[in-house]
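Okay, thanks everyone, I'll keep this short. Have a look at the model on the screen and I'll walk you through a few spots.

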Amino acid sequence: MREKELRLALVCYGGVSLAVYMHGMTKEVWKLARASMRRHATSSDLPPADDSEGVYLALLEELAPKLDLRILVDIVAGASAGGINGILLAQAISQGSDMEPLRDLWLAGADSDKLLEPEGASTRFSKWWASPLVWWARNKGLVMDDMQEPGARTEVSAKLSRLMRSRWFKPPFSGEIFTAMLHDALVAMAAGTRTPALIPPLQPLDLFVTVTDYHGAPEKLRLHSPPVIIENEHRLIIGFTDEGPGPDGSRHLAELPELVLAARATASFPGAFPPARVGEVDRVIAARGTAWPGRAAFLARIFPGRATPDTATLIDGAVLNSRPFGPAIEALARRPAHREVDRRFVYVDPKPGMHGDQPLDSPVLPGFFATVLRSLADIPRQQPINDNLAAIDALSARVRRLRYVVDGMTPEVDAAIERAAGLRVFIFKPTRERLADWRSRAQSQAAREAGYAYAAYGQLKMAQIVEAQAIRLASIGGVALESVRSAVWRHVRTLGLDHPSQALARGGAASDYVGFLRSFDLEFRVRRLRFLIRRVNTLAGETADDAARQALEAIKTGLYTILNPHLQRRQSTFFGPDMRQAAAAVIEDPAAALAAMAQALDLKGLDGDSDAALVDLFAGPWPRELRRPLLSSYLGFPFYDIAMLPLLQGDGIDEFDEILVDRLSPEDALSLRAAGGGALKGSQFNAFGAFFSRAYREHDYLWGRLHGAERMIDIVCSALPDGAMLSAERLRVLKYRAFAAIVAAERPFLGEVGPLLDALDAAIADA
């Protein structure tokens, strides 16, 4: 059957109390990822698939006769409320943790009374002079008139009154209470029902949260004149990477206090919470007996060059970056693909167009406070994502250009291969010796025919190799990257390895330059195998012959098996203690470190193993019309690479596919619109509404799950090829099965939204 991966890069916006809705959304993402993991898990010791997870599993099983679809989330980015949800989801994916205990965090914990700073908590008689403000808020309709649940309006009024009577000119909510809640939520996740990680072993997981550094970090900017200036950078991105299983077989995203600090800082809404500092986390984990052995290393990483990181003052990440597409886009480079990939950017926007109901051309001039509030808070957070979409579209446009180049070059490359090795390439069956000889001839021919273009290609390739080795050595040796980069370049230039013209001279195949490529150019080998896999996908899409398509799927499976050991060498966990020791001394002895790296990578041995596997693969019972174009693509790759690498700007993108963007919001899920869900309760009070009512939180959480389920099924089905498409009626049935399962599972926990549950029961029954 055809294999395919639907990869989601999830971007979670800020939204204050709409975090409750986003939790419902991300919980469905987790349920879908768990269902996909369950289909491919080798262990049978798994918890039962409950509520919507069972529906997702049934959907994937229904597709299985024609398509083996794996869904994974490998990039998560978030800001503010979205940052918290992103952190919790990423931890669940990496560790196989349980998100069910988080229901209590959001429904019970995200309450204004519980978040209030104890020193500023008011009594009924305190600040009696604030009563007119409470009366004004009620009469302005800030307390929702359409809340049907009994007691909801009374609860909101009372909590709003207590908030307005609490301490003034200081944040009313407690940072330490908030930090403790986040810590306890992560602990509860770890103590819940565990599963294996929700991501394949060789696939990295990247997490990014945005934070605003209140004082900023000095950053050098180089100009023409003056040569150097210093400016403060207030944007801060805290990133975490789970590279895959370590020597003990377990995955690691971050130490728990690191996640707590990132979550507390990214959601430190100005005015509501005090700014975050490291000491706050220290006090909470000390009270709970949590260890933080990597504290110094973590603070040095996120605050490089800062002598006293404990004094760093951090506020809400949405102040400067509410929609963090940037780091997620950058993370696309070096994403290993083990099968065909459908890449999606999925962003969670709980309230699109927050102020879209305001007239565009109002004759009324905005007032003083409205103008200040909109300028400082609302407008910066609500800018459209045109720039981000343009960046994603630019990547897709580059893919389209590369396809155009490849298609146009194919006839000339076939002719060049014949000139280099003769027609015997397509007549004789390949052996290990023949394949190595043909490959060498084709590479030499490509270099000669490229002419002057080869010099630029060679320099670009050398720069890419040196950069990759510097990053690898710095990572596994724990050394500053800039120092490693300088040491490696100094060594390369001293030996004269940075002269690609050596490859064009007589005996160029034996030159030091070519020897360096053979020892270190892992990425060229990965690109070549990727290119061959893409050719298989193209041929599979062009043929109507089922037997040919099955043969191509078998070839593709074999190619991914050959690719896997190459991808393993990208991971720092691949290298042993001897290599780590040599990398730690790279500044003093770059020659020894590179020699150790060459020995550890063993690309020459890997080439031999790959050649043997390719020979076996090409020797299979495949029709000649399949074998010839695949062999031509493999041998001719140097011609294509000389043309493509400059277009790729040296970044070597693995996912050679266009990127699609999907949105998750209340406006995009329409199946249950008649039962409500169009307006979220948490959007009231400038998105603080859900902090004032359990009923509000239950309402938004439930709709988050329902909307998430509908959109997850939509997104999965949009990834299906024509031969695997399900009927509209079948999709509708699956959606309503998911709705019914969610309502049944959540009913025991939702005691304040009885009328909503009844309306949903009726809507589901009528369907």
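Let's start at Ser 17, which sits in the loop between strand S1 (2–12) and helix H1 (19–40). Keep in mind that this is a predicted model. So, is Ser 17 buried or exposed? Its relative accessible area comes out at 0%, and since buried means under 20%, Ser 17 counts as buried. And what does Ser 17 touch, leaving aside residues up to four places away in sequence? The partners are Gly 682, Ala 687, Phe 688, Gly 689, Ala 690 and Phe 691.

Next up, helix H3, residues 81–95. From first C-alpha to last, its 15 residues reach 22 Å, close to the 21 Å you'd expect at 1.5 Å a residue. H3 is mostly covered, too, with 14 of the 15 residues buried.

Last stop, a helix pair: H16, residues 453–477, and H19, residues 522–542. Their axes come within 9 Å and cross at roughly 110°. Angles of 65 to 115 degrees count as roughly perpendicular, so that's how H16 and H19 lie to each other. Which residues make the contact? On the H16 side you've got Tyr 457, Lys 461, Gln 464 and Arg 472. H19 brings Leu 522, Glu 523, Phe 524 and Arg 527. Sort the residues of that contact by type and you get 4 charged, 3 nonpolar and 1 polar.

That's my tour, so over to you.

Note on methods
Residues are numbered from 1 along each chain as its sequence is written. This is a predicted model: local features need pLDDT of at least 70, side-chain atom pairs count only at pLDDT 80 or more; totals for chains, interfaces and linings use all residues. Side-chain values use heavy atoms; hydrogens and water are left out. Helices (H or I, at least four residues) and strands (E, at least two) are DSSP runs, numbered from the N terminus. The expected span of a helix is 1.5 Å times one less than its number of residues. Buried means under 20% relative accessible area, exposed over 50%, partly exposed in between (1.4 Å probe, protein chains only). Contact means heavy atoms within 4.5 Å. Axes are lines fitted to C-alpha atoms, for helices over the stretch in contact, and angles run from 0 to 180 degrees between N-to-C directions. Angles under 35 degrees count as roughly parallel, over 145 as roughly antiparallel, 65 to 115 as roughly perpendicular and the rest as oblique. Ala, Val, Leu, Ile, Met, Phe, Trp, Tyr, Cys and Pro count as nonpolar, Asp, Glu, Lys and Arg as charged, and the others, Gly among them, as polar.
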